[in-house]
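These are my notebook entries on a structure that was new to me. I set down what I looked up, topic by topic.

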Amino acid sequence: MRRIAVLDAPSNLGLRPPTETSVPGCAKAPGALRDKKLLTRLDARDAGCVTPPRYDPGDWRPGDGVAHALQIHSYSVRLAERIGAIVDGGEFPLVLGGDCSILLGSALAMRRLGEEVGGRIGLVFVDGHSDFRHPGNAPYVGAAAGEDLALVTGRGQTELAGIEGRRPYFRDTDVVVLGIREHDEYRLDLQAAGFATRPATAVRAEGARRTAQWARERLADCAGFWVHIDVDVLDPAVMPAVDAPEPGGIALTELELLLTGLVNTPDCLGMELTVFDPDHDPDGRHAAELVSTLVAGLAPLMPPKRPTRAPRVPSPRTATEKRTAA
């Protein structure tokens, strides 16, 4: 039984600013989820926080490459160190983002681990969008949160796609993509590259539990796998508090079943949660629902609760006998 260790990664570095003078709200997600007693309900260890560099896109313009590239590079290295230490300690890292660019730190940690154990590590990428924009299929790149899957599979500028000379962090054939929408702009690119893919409609048709088993079977030759969960895989009707809501997503119960099926094996090395935005959840209702879904989905990692014994109440006959004896 591995204890869950919760690590905050409150980075917004991979997102464009909502307006010229504002900062994305996803960095507030770890605090919002902790406020709903996530750690207590998971019986998890608090693994602290990897504080990101300052969010400041400055004078970035299209054609300049990925915004915040140097900051994301340095942050990914620090995040990888912390994730690696948790795994080495025999625990299950649950990384709370932040935006999807935190996948680079997780991917670097997994690539290092694969080299240590002499095997490949796979990725289950659960997301409403493919995040597969790269210089080979787009006129320009810019926001790493929309390019993270491309970057971790070796596509894009070296300071992000090839940190420590470890390009790619995941092979295309060691990636399973779940939950993207049928009309995703890069779905045909994924197919041509050999990614195993099930869009949200297929996840719903086949069932979340069977889909999790299918994903594990696709990665059977790997030494283990990492799970990336972007909250926008959920339908906006149940989860509107995300950076880029997209109709046609899955339900909370389906995400719960998917998680249960993925983490219920020692091959699942850890997971991250991204893009929940508390700025769109003023009363905290969606944070509470997300925490309940996570707790239920991660139940296979939690120790079974011991039944509480009711206090022994003497029977009337026993009490009478005691008074008589006295």
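**Entry 1: Salt bridges**

I began with Asp279, which counts as partly exposed because its relative accessibility is 40%; the classes are buried for under 20% relative accessible area, exposed for over 50% and partly exposed in between, with a 1.4 Å probe and protein chains only. I note that this is a predicted model, in which local features need pLDDT of at least 70 and side-chain atom pairs count only at pLDDT 80 or more, while totals for chains, interfaces and linings use all residues. Residues are numbered from 1 along each chain as its sequence is written, and side-chain values use heavy atoms, with hydrogens and water left out.

I then asked how many salt bridges a search of the whole structure finds. The search gives 16, a salt bridge being a side-chain nitrogen of Lys or Arg within 4 Å of a carboxyl oxygen of Asp or Glu.

Asp279 has Lys28 as a salt-bridge partner, with 2.7 Å between the closest N and O atoms. Asp279 lies in the loop between β8 (268–274) and α11 (285–297) and Lys28 in the loop between β1 (4–9) and α1 (29–35), so the pair ties together parts 251 residues apart in sequence. Helices (H or I, at least four residues) and strands (E, at least two) are DSSP runs, numbered from the N terminus. Lys28 is partly exposed, at a relative accessible area of 48%.

I next looked up Asp172, which forms a salt bridge with Arg155; their closest N and O atoms are 2.7 Å apart. Asp172 lies in the loop between α6 (158–161) and β5 (175–178), and Arg155 in the loop between α5 (148–152) and α6, so this pair ties together parts 17 residues apart in sequence. Are these two residues buried or exposed? Both Asp172 and Arg155 are buried.

A further salt bridge joins the side chains of Arg204 and Glu254 (3.1 Å, N to O). Arg204 belongs to helix α8 (residues 200–206) and Glu254 to helix α10 (residues 252–263), so the pair ties together parts 50 residues apart in sequence. Arg204 is partly exposed at 44% relative accessibility, whereas Glu254 is buried, with a relative accessible area of 15%. I also recorded one network, in which salt bridges that share partners join Glu81, Arg111, Arg112, Glu115, Glu164 and Arg166.

**Entry 2: Helices α10 and α11**

I looked up which residues of α10 meet α11. Leu252, Leu255, Glu256, Leu259, Thr260 and Val263 of α10 meet Glu289, Thr293, Leu294, Ala296 and Gly297 of α11, contact meaning heavy atoms within 4.5 Å.

**Entry 3: The aromatic pair**

The structure holds one aromatic pair. The ring centres of Phe132 and Phe195 are 5.4 Å apart and the planes stand at 80°, so the pair is edge-to-face; rings of Phe, Tyr and Trp (its six-membered ring) pair if their centres lie within 6.5 Å, and planes under 30 degrees apart count as stacked, over 60 as edge-to-face and the rest as tilted. Phe132 counts as buried at 1% relative accessibility, and Phe195 counts as buried at 6%.

**Entry 4: Tyr55**

I found Tyr55 in the loop between β2 (45–49) and α3 (69–88). Tyr55 counts as buried, at 14% relative accessibility. Not counting residues up to four places away in sequence, Tyr55 touches Asn12, Leu13, Leu15, Arg16, Pro17, Ser22, Val23, Pro24 and His68. The C-alpha atoms of Tyr55 and Leu15 are separated by 9.4 Å, and the two residues are 40 residues apart along the chain.
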